[in-house]
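Work through the following exercises with the sequence and coordinates at hand. Each task is followed by its solution.

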Amino acid sequence: MTRSFDRLLVAGGAGFIGSNFVRLLRTTRPQIEITVLDMLTYAGNRANLAEFEGRQGYRFVHGDICDPQLVDGLAADVDAIVNFAAETHVDRSLLEPLAFIDTDVRGTAVLCDAARKHSHRAFLLVSTDEVYGEVREGRSREEDPLKPRSPYSASKAGAEHIAHAYAESFGLPVLITRGSNTFGPYQYPEKLVPVLVTNAIDGLPLPLYNDGSAVRDFIHVEDHCRAIDMVLHDAPISDPIYNIGSGIETSGNQVAEAVLEILNKPKSLIQYVADRPGHDYRYALDVRRITDLGWEARINFAEGLERTVRWYVDHPEWWRPLKSGEYWDFYKGNYRPLKR
Ligand code: NAD
Ligand code: TYD
């Protein structure tokens, strides 16, 4: 099964994974015309796409996926939508849950509705392994029930249900990817890896919730983007959901120790802090379906982390301006001392 597209709308393309996805497409499929729609929230950054500005086959539109008129006009000119746009940080979802429902659920509905009206050839929702909820043992498979536990993961599950409803009710050709914890260049320094890396560069404490034992499946952003590209082009609509991950479990402690070793900093920088409410201690994915499609991770965690640390060391002009003002207000309110 192979699908091809002349024009794509990439919603949320100015964020971390979206901008890496646009870079992949520009390199490997330069014939596809790309429109990026992004509201440029605190996490969106037009500078992530600066190299494409003014180039043929690329345009940037500043706007909200929740705006039906705007989305309808853009959807009229493309064959498919890939939706990265979302509020994405669990800790922020505990402070401002409604913003997550608005963008992640309603925004996805607005995009699906426009895709339906314009008879698009595909609608790909970039979702997350967090929709399965905490997985104490075993590995999540695509047919497992969704048991999200945070406002973030619940809103992503809501987005998935909306997309399914459009597939069932209107025949919208929906595809869904459930990616694991992604790291690499251009990641806003609020998620685990870039918080640890940028703090370690500056000799600041590395905050780990509770005892640092929670595990995640980490995947390099280039591998994640190649998998999304493969699902978009090659996955059958009859088998629309794909877990994307490395299949390897790594704890917060292991990430922090690896970062400190790469930067030659002392382990004493690790600081255990009060736990995240409702913290999911483990996610683990069965990735057989995406590997059967022909994908495999090419960058292992050690190599990916080394490359990522080097990127943050080499690009202080990208992340230093982000760590100011509102960033520190959030940071100071988020991390509290651990009481044992
Ligand atoms: P991000 O926070 O870096 O980027 C999100 C982008 O969406 C930003 O550019 C932001 O400006 C834009 N946006 C937010 N609200 C918008 C709105 N209403 N209208 C238009 N644009 C809006 O996120 P990311 O880490 O790149 O994640 C991208 C997608 O991948 C999300 O849907 C997320 O749920 C999913 N995902 C992320 C990870 C991860 O580890 N980062 C893992 C699996 C899945
Ligand atoms: P995070 O990057 O927020 O992603 P997720 O959406 O999977 O929770 O967190 C990854 C893991 O790291 C999770 O177990 C929470 C933990 N964590 C810390 O210990 N300290 C931190 O500063 C952050 C941001 C996360």
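**Exercise 1.** How far is an oxygen atom of ligand 1 from a polar backbone atom of Phe16?

*Solution.* The separation is 3.0 Å, where a polar contact is a pair of N or O atoms within 3.5 Å. The model is predicted: local features need pLDDT of at least 70, side-chain atom pairs count only at pLDDT 80 or more, and totals for chains, interfaces and linings use all residues. Residues are numbered from 1 along each chain as its sequence is written, chains are lettered from A and ligands numbered from 1 in the order in which they are written, and side-chain values use heavy atoms, with hydrogens and water left out.

Next, take the surroundings. Ligand 1 is surrounded by 28 residues, the closest being Ile17, Asp38, Asp64, Tyr152 and Lys156; a residue is near if one of its heavy atoms lies within 4 Å. An N or O atom in the side chain of Asp38 is 2.6 Å from a ligand 1 oxygen atom. For Thr182, a polar backbone atom is 2.9 Å from an oxygen atom of ligand 1.

**Exercise 2.** Describe how helix α1 packs on helix α7.

*Solution.* Start with the axes, which are lines fitted to C-alpha atoms over the stretch in contact. Those of α1 (residues 16–28) and α7 (residues 221–234) come within 9 Å and cross at roughly 65°. The pair is therefore roughly perpendicular, the class for 65 to 115 degrees. The crossing of α1 over α7 is right-handed.

Then list the contact (heavy atoms within 4.5 Å). From α1 come Phe16, Ile17, Asn20, Phe21, Leu24 and Leu25, and from α7 Val221, His224, Cys225, Arg226, Ile228, Asp229 and Leu232. By class, these residues are 9 nonpolar, 2 polar and 2 charged.

**Exercise 3.** Which residues come nearest to ligand 2?

*Solution.* Of 16 residues around ligand 2, the nearest are Glu130, Arg216, Arg276, His279 and Tyr335. A polar side-chain atom of Arg276 lies 2.5 Å from an oxygen atom of the ligand. Backbone atoms also take part: an N or O atom of Leu192 lies 2.8 Å from a ligand 2 oxygen, and a polar one of Tyr209 is 2.9 Å from a ligand 2 oxygen.

**Exercise 4.** At roughly what angle do the axes of α8 and α10 cross?

*Solution.* The axes of α8 (residues 252–263) and α10 (residues 301–314) cross at roughly 55° and come within 10 Å. The two helices are therefore oblique to each other. α8 passes α10 in a right-handed crossing. Val255, Ala258, Val259, Ile262 and Leu263 of α8 meet Phe301, Leu305, Glu306, Val309 and Val313 of α10. This contact has 9 nonpolar residues, no polar and 1 charged.

Definitions and conventions: Axes are lines fitted to C-alpha atoms, for helices over the stretch in contact, and angles run from 0 to 180 degrees between N-to-C directions. Helices (H or I, at least four residues) and strands (E, at least two) are DSSP runs, numbered from the N terminus. Angles under 35 degrees count as roughly parallel, over 145 as roughly antiparallel, 65 to 115 as roughly perpendicular and the rest as oblique. A crossing is left-handed if the near helix is turned anticlockwise from the far one by less than a right angle, and right-handed if clockwise. Ala, Val, Leu, Ile, Met, Phe, Trp, Tyr, Cys and Pro count as nonpolar, Asp, Glu, Lys and Arg as charged, and the others, Gly among them, as polar. A polar contact is a pair of N or O atoms within 3.5 Å; within protein, one must be able to donate a hydrogen and the other to accept it, and residues adjacent in sequence count only if both atoms are side-chain atoms.
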